[in-house]
Amino acid sequence: MRQDILDFLIHHKDEFVSGQQISDQLGISRTAVWKHIRALKQRGYVIESYTKKGYCLREAPELLSEKAILDGLQTKFVGRPVVYRERVDSTNNVAKKLADQGAPEGTIIVAEEQTGGRGRINRTFLSPYAKGVWFSLILRPDISPMEVAKMTLLAAVAVARSIRRHGLADCGIKWPNDILVQGRKMVGILTELNGSAEKVNYIIMGIGVNTDIMADDLPEDLKSIVTSFAREGIRVSRLALLETLLAEIERLYDTVCRQGFSQVLAEWRSLSCMLGQEVTVSSVNRTFSGMARDIDENGNLLVDTAAGTEVVMAGDIHVR
Ligand code: BTN
């Protein structure tokens, strides 16, 4: 029914149609019309509504359909084929199922909305309808499982470069893979591994970039720590951003397959916003402070403390 209402509004785009007209045309109550319109507005449709005039569709969100993505794709294999879903629990979950069934390297699973978006350390990741780019890639690199953490750094570099190219030149990477703008988080990256101690079967590289999230979309505790292109005053095409992201990932992934991770590590260092800063590290069983000096060849963070250098493999970092 919601699609019928949308089709009706699209047919009458930029014209006012009354609730009564819609309800007569589709055989539903005016209250039901109003409820569907409210849901469409939450999904990013700009619909003007006045008691006497009715409803007028002004703008529809740009959706990430399979065709739209493939039409603009500049890559050889990253982002092909496209598996598009309007709503999923988590694109990483769908990606895992497809990878287990043998989906080829490069497959992308992209959704308008995730109802159970997942973050690191079992956290949830907010992914409202058409307000960000939420996707997962299936990769099958010929690397040792020990090197998988560096695939996360690869993703962070690709995302930071893409965000810069779309107008936010001051974004930086916080170890290992948060992308911050003005100290607030804009991106989440979750890399998951399937394999044994000796061999990687596949990696799921899950990335979420906030494009249109506004303060109203965020729970109170996230308002001061999460940002988006829109909150930074930049209007970005989600399609164009996705195409840049996939091209940047492919470029770095190609380099890693040919030459290893040294270039990724060098680019990560130059895009980092925390090296040289005082940090507090919280890991599973302890918390300590020091100066984040560098990352080592495995991508671990090196923190200089009064007692010597700590090698951090996992943990939450707070920049002081
Ligand atoms: C984090 O910030 O802790 C990581 C968040 C990762 C979110 C992305 S969105 C696409 C993919 N699907 C998920 O469920 N998570 C990742």
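UniProt positions are given here in the numbering used for this structure, and such annotations may be inferred rather than shown by experiment. With that in mind, the unreviewed UniProt entry places a "DNA-binding region" at residues 19–38. In this predicted model, the span of residues 19–38 is 85% helix and 0% strand, and its end C-alpha atoms lie 13 Å apart.

Turning to the whole chain, the protein contains eight helices and 14 strands. Its radius of gyration is 22 Å, close to the 20 Å that the globule rule gives for 320 residues, so the protein is as compact as a globular protein of that length. Along the principal axes, the C-alpha trace of the protein spans about 75 × 45 × 35 Å. Of the 320 residues in the protein, 39% are buried, and among the contacts between residues at least 6 apart in sequence, 62% join residues that are at least 24 apart.

Trp268 belongs to helix α8, which runs over residues 262–271. Is Trp268 buried or exposed? A residue is counted as buried if 20 or more other C-beta atoms lie within 10 Å of its own, and Trp268 is therefore buried, because it has 24 C-beta neighbours inside 10 Å. Leaving aside residues up to four places away in sequence, Trp268 touches Leu153, Ala156, Val157, Ile173 and Ile295. As for Val303, this residue is 35 residues from Trp268 in sequence, and the C-alpha atoms of the two are 16 Å apart in space.

Key:
Residues are numbered from 1 along each chain as its sequence is written. This is a predicted model: local features need pLDDT of at least 70, side-chain atom pairs count only at pLDDT 80 or more; totals for chains, interfaces and linings use all residues. Helices (H or I, at least four residues) and strands (E, at least two) are DSSP runs, numbered from the N terminus. A residue is buried if 20 or more other C-beta atoms lie within 10 Å of its own, exposed if 12 or fewer, and partly exposed in between; C-beta atoms are placed from the backbone. Two residues are in contact if their C-beta atoms, placed from the backbone, lie within 7 Å. The radius of gyration is taken over C-alpha atoms; the globule rule is 2.2 Å times the number of residues to the power 0.38.
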